[in-house]
Amino acid sequence: MRLINIKPGRALALFLALLPFVLVLIAYAVGSDIRLSANPQDKLLPAPATVVETMQRLVTEGDRRTGRILFWHDTWASLQRLGLGIGISALVGLMFGLIIGLLPLARSALAQFVAVLSMIPPLALLPILFIVFGLGELSKVVLIVIGTLPFIIRDLSQRVLEIPQELIVKAQTLGASSWVIATRIALPQVMPRLIQAVRLSLGPAWLFLIAAEAIASDLGLGYRIFLVRRYLAMDVILTYVIWITFLAFAMDWMLRRASRRFFPWAEDGL
Amino acid sequence: MSFVTVQDLFQTYDDRPILERVNVQVDEGEFIAIVGASGCGKSTFLRLLLAQEYPTRGAVRIAGAAPAREPGLDRGIVFQKYSVFPHMTVRENIVAGESMRTRWGRFFGSSLKAARTRADETLARIGLDHVAENYPATLSGGMQQRLAIGQALAARPRILLLDEPFGALDPGTRLSMHDFLQDLRTETGMTVFMVTHDLEEAFKLGDRVLVFDKPRWDPHDPSRYGATITYDFDACDGGIPFQRLKEDTHVLQAK
């Protein structure tokens with residue numbers, strides 16, 4: 001039988017899905033054990049047990065000075081920045097995507113402009129943002145918006161253009177105005193695509209968030225990682241990295257669920 | 001005065017003539033079938049009727065009105081596919097036939113309720129009442145086309161344009177769609193233009209069959225000349241009206 005025709009059963013599929021995770025864990029445990037047996041003071045690869053211990057300490061014990069549990073405060077601050085940035089990007093991107101996709105006049109005026117804007121490396125703008133918007137929340141949110149908005153605009157305007165011309169013509173023969181075509185035909189049809197674009201933008205959004213927090217902040221997941229880096233506190237860093245990964249995965253999963261739930265007619269497109 | 005007047009119509013794409021000097025007059029309530037080889041401007045002609053394109057020369061007038069510059073309420077269209085809105089349920093699609101022309105594109109409150117009742121009547125007539133809550137993607141090809149025709153008629157257009165509406169259907173479904181279309185026509189008396197590849201279908205459904213072809217042909221440059229209407233058949237009685245005429249006048253009838 002050809003390899004391309006061999007499909008795993010349910011149990012085997014589950015086993016295969018878990019296998020890489022288990023392998024990575026084992027590799028880490030072995031590596032950590034080798035280093036620790038050579039030098040018990042080694043900080044680079046703390047034992048898995050140490051990491052779990054640190055994890056428990058981080059999520060339950062408050063800061064010695066203020067009594068706040070920093071882990072949750074960091075999480076809340078970062079999620080707020082991320083949500084605000086991505087939310088603004090999605091909203092503005094949707095608006096411009098519809099306008100550029102539907103109106104040839106706007107397309108002529110804006111499509112090339114957005115294409116050029118999207119080539120600017122957002123991190124290169126970070127110093128300007130810090131100078132213009134200060135070191136507070138605003139500059140971090142703006143960095144996420146600048147980093148993700150051009151992609152969302154370009155993706156959505158392309159999706160609007162891909163709506164079959166037949167549907168647009170049909171709507172016109174039913175007497176729909178440009179406004180009605182935008183809100184009743186194009187908008188609902190690109191909504192699943194918007195969720196898709198947001199899902200793809202989450203990766204870059206986290207990157208920009210952590211970069212901004214690393215440089216200037218006093219709270220946030222990225223800030224904490226770069227703070228404890230000075231003490232080589234690998235157990236804390238690993239805890240935060242695992243937590244960020246989990247948050248990103250959970251967001252992606254929820255967006256996918258939302259898309260299935262609210263746009264059942266677009267099932268095959270997702 | 002005829003209902004639809006096509007006068008001296010030319011269409012050229014980048015110096016390549018597609019249609020040349022098309023003239024035709026159509027009375028209200030006629031069913032016009034349009035046939036011709038691929039690339040002979042049938043679909044271009046339909047797009048010009050729809051006002052999706054603007055002709056290089058000449059004009060299409062409906063009931064003597066000024067030539068339209070964009071598709072509008074007076075022309076209904078059913079394409080081979082993508083003719084219904086995939087994000088609306090079957091009932092919403094029919095309601096959209098009436099609501100798209102409003103300011104917000106939808107009905108509210110009592111007018112929504114009334115439109116839904118009317119939509120349900122339409123759905124019962126076109127045999128789709130049992131799938132009113134479904135999305136079009138779950139329907140078969142024939143059902144989707146019935147829905148598309150029902151939606152186009154809900155807007156009450158002055159002429160109905162069909163662009164190979166049954167081209168993607170299997171033969172059995174196609175026959176039942178013919179019955180469906182003929183029933184609807186006797187009911188509404190609508191003026192219909194239908195582009196089709198199927199000659200049999202054209203003569204079965206049409207009152208007239210227009211044939212598009214190139215009257216002049218340059219063997220060294222096949223795209224040199226455009227197409228026009230080369231035949232205009234009377235297709236009542238399956239395309240043999242003169243036979244019927246002879247039988248009516250020359251054959252002794254039993255009294």
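**Close-ups: cavities, salt bridges and a buried strand**

The structure holds two cavities of 30 Å³ or more. This is a predicted model, so local features need pLDDT of at least 70 and side-chain atom pairs count only at pLDDT 80 or more, while totals for chains, interfaces and linings use all residues; side-chain values use heavy atoms, with hydrogens and water left out. Residues are numbered from 1 along each chain as its sequence is written, and chains are lettered from A in the order in which they are written.

View 1. A cavity is a set of points on a 1 Å grid over the protein atoms alone where a 1.4 Å probe fits but cannot get out, and lining residues have an atom within 4 Å of a point. Grid points are joined across faces, edges and corners, and the volume is the space filled by probe spheres set on the points. Among the lining residues are Leu48(B), Tyr54(B), Pro55(B), Val60(B), Glu53(B) and Arg75(B). The lining splits into eight nonpolar, no polar and two charged residues (nonpolar is Ala, Val, Leu, Ile, Met, Phe, Trp, Tyr, Cys and Pro; charged is Asp, Glu, Lys and Arg; the others, Gly among them, are polar).

**View 2. The second largest cavity, also lined by chain B.** This one has a volume of about 50 Å³. Helix H5 (residues 171-188) of chain B gives the largest share of the lining, four residues (helices are DSSP runs of H or I with at least four residues, strands are E runs of at least two, both numbered from the N terminus).

**View 3. A salt bridge within one helix of chain A.** Glu162(A) pairs with Arg159(A), the closest N and O atoms being 3.1 Å apart. To count, a side-chain nitrogen of Lys or Arg must be within 4 Å of a carboxyl oxygen of Asp or Glu. The two residues are three apart in helix H6 (residues 137-162) of chain A, so about one helical turn separates them. Glu162(A) is partly exposed at 44% relative accessible area, and Arg159(A) is partly exposed at 23% (buried is under 20%, exposed over 50%, partly exposed in between, with a 1.4 Å probe and protein chains only).

**View 4. A salt bridge between a helix and a loop in chain B.** Arg91(B) and Glu133(B) bring their closest N and O atoms to 2.7 Å. Arg91(B) lies in helix H2 (residues 90-99) and Glu133(B) in the loop between helix H3 (109-125) and helix H4 (141-154), so the pair ties together parts 42 residues apart in sequence. Arg91(B) is buried at 18%, whereas Glu133(B) is exposed at 54%.

View 5. All six of the six residues of E3 (residues 31-36) are buried, so the strand is largely enclosed by the rest of the structure. Phe31(B), Ala33(B) and Val35(B) cover one side, with Ile32(B), Ile34(B) and Gly36(B) on the other. Ile32(B) has Phe193(B) as its bridge partner in E7(B), and Gly36(B) stands opposite Phe212(B) in E8(B).

Methods
On a 1 Å grid over the protein atoms alone, a cavity is a set of points where a 1.4 Å probe fits but cannot get out, and a pocket is an open set with protein on both sides within 12 Å along at least five of seven lines; lining residues have an atom within 4 Å of a point. Two strands pair if DSSP finds at least two bridges between them.
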